[in-house]
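Please look over the chain shown here with its strands and side-chain contacts in mind. The briefing that goes with it is arranged by topic.

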Amino acid sequence: VQLQASGGGLVQAGGSLRLSCATSGSIFLFTTMSWYRQGPGKQRELVASVSRGGTTTYVDAVKDRFTISRENAKNTAYLQMNNLIPDDTGVYYCAGLLTPPIVANSVTYWGQGTLVTVSS
């Protein structure tokens, strides 16, 4: 199983970016798809998650600005980021959680990360 993240780049404050996370297998297998980020000098934090059924959760800092989604037909998860601020700068990682009965024990797969830089 491989996850390929893309879509990062340099954007001015107030701008938008859409991150994509393509899975090598069926995205439907993943119980949850998530995006994490790690800013300069910060610990990695969970930004948003979407369940197989479409339930979404967000960290307070991005609510009303970011939207996570998953498109089963394309085996891809997305993170639409609007009204970006400099504090959103960091490496963004996608993660997919597999749980029983798909696997014997729950396991998280990680993408390679994509850099988002927001200039003021």
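The model is predicted. One part of the strand arrangement is an open sheet of 4 strands in the order 1-3-8-7, paired in the antiparallel sense. Elsewhere, strand 4 and strand 5 pair antiparallel, and strand 5 is also joined to strand 6. The structure holds 1 aromatic pair.

**The open sheet**

- In the sheet with the order 1-3-8-7, the edges are taken by strand 1 (3–6) and strand 7 (66–71), and because each of these has a single partner strand, one side of each is left without a neighbour in the sheet.
- Neighbouring strands of this sheet are turned against each other by 15° on average, with direction ignored.
- Strand 7 pairs with strand 8 (residues 76–81) through 6 bridges in the antiparallel sense, and within this pairing Ser69 has Tyr78 of strand 8 as its bridge partner.

- Ser20 belongs to strand 3, which covers residues 17–23, and it counts as buried because its relative accessibility is 17%, where the cut-off for buried is under 20%.
- Apart from neighbours within four places in sequence, Ser20 is in contact with Gln4, Ala5, Ser6, Trp35, Thr76, Ala77 and Tyr78; one of these, Tyr78, is the residue of strand 8 that is the bridge partner of Ser69.

- Strand 4 and strand 5 (residues 45–51) run antiparallel and are paired over 6 bridges, with Arg37 standing opposite Glu45 in strand 5.
- The hairpin formed by strand 4 and strand 5 has 6 residues between the strands, and Gly41 in this hairpin takes a positive phi near 70°.
- Strand 5 is joined in turn to strand 6 (residues 56–58) by 3 bridges, again with the strands antiparallel, and Val50 has Thr56 in strand 6 as its bridge partner.
- In the hairpin of strand 5 and strand 6, where 4 residues lie between the strands, Gly54 takes a positive phi near 100°.

**Aromatic rings and charged ends**

- A pair of aromatic rings is described by the distance of the centres and the angle of the planes.
- The structure has 1 aromatic pair, made up of Tyr36 and Trp110, whose ring centres are 4.8 Å apart and whose planes stand at 55°, so the pair is tilted.
- This pair links distant parts of the chain, since Tyr36 lies in strand 4 (residues 32–38) and Trp110 in strand 10 (residues 107–110), 74 residues apart.
- Tyr36 counts as partly exposed because its relative accessibility is 22%, and Trp110 is likewise partly exposed, with a relative accessible area of 38%.
- The ring of Trp110 also has the charged end of Arg44 sitting over it, 4.9 Å from its centre.
- The charged end of Arg52 sits over the ring of Phe28, at 5.3 Å from the centre of that ring.

**An exposed aspartate in a loop**

- Asp60 is found in the loop between strand 6 and strand 7, and it counts as exposed because its relative accessibility is 61%, where the cut-off for exposed is over 50%.
- The side chains of Asp60 and Lys63 are joined by a polar contact of 3.0 Å.
- Asp60 and Val47 are 13 residues apart in sequence, and their C-alpha atoms are 8.6 Å apart in space.

Note on methods: Residues numbered from 1 in each chain as written. Predicted model: local features only at pLDDT ≥ 70, side-chain atom pairs only at ≥ 80, totals over all residues. Heavy atoms only, no water. Helix = DSSP H or I, 4+ residues; strand = E, 2+ residues; numbered from the N terminus. Buried < 20%, exposed > 50% of the residue type's maximum accessible area, 1.4 Å probe, protein only. Contact = heavy atoms within 4.5 Å. Phe/Tyr/Trp six-rings, centres within 6.5 Å; stacked < 30°, edge-to-face > 60°. Lys NZ or Arg CZ within 6 Å of the ring centre and 35° of its normal. Pairing = 2+ DSSP bridges. Axes fitted to C-alpha atoms, helices over the stretch in contact; angles between N-to-C directions. Polar contact = N/O pair within 3.5 Å; in protein donor to acceptor, adjacent residues only side chain to side chain.
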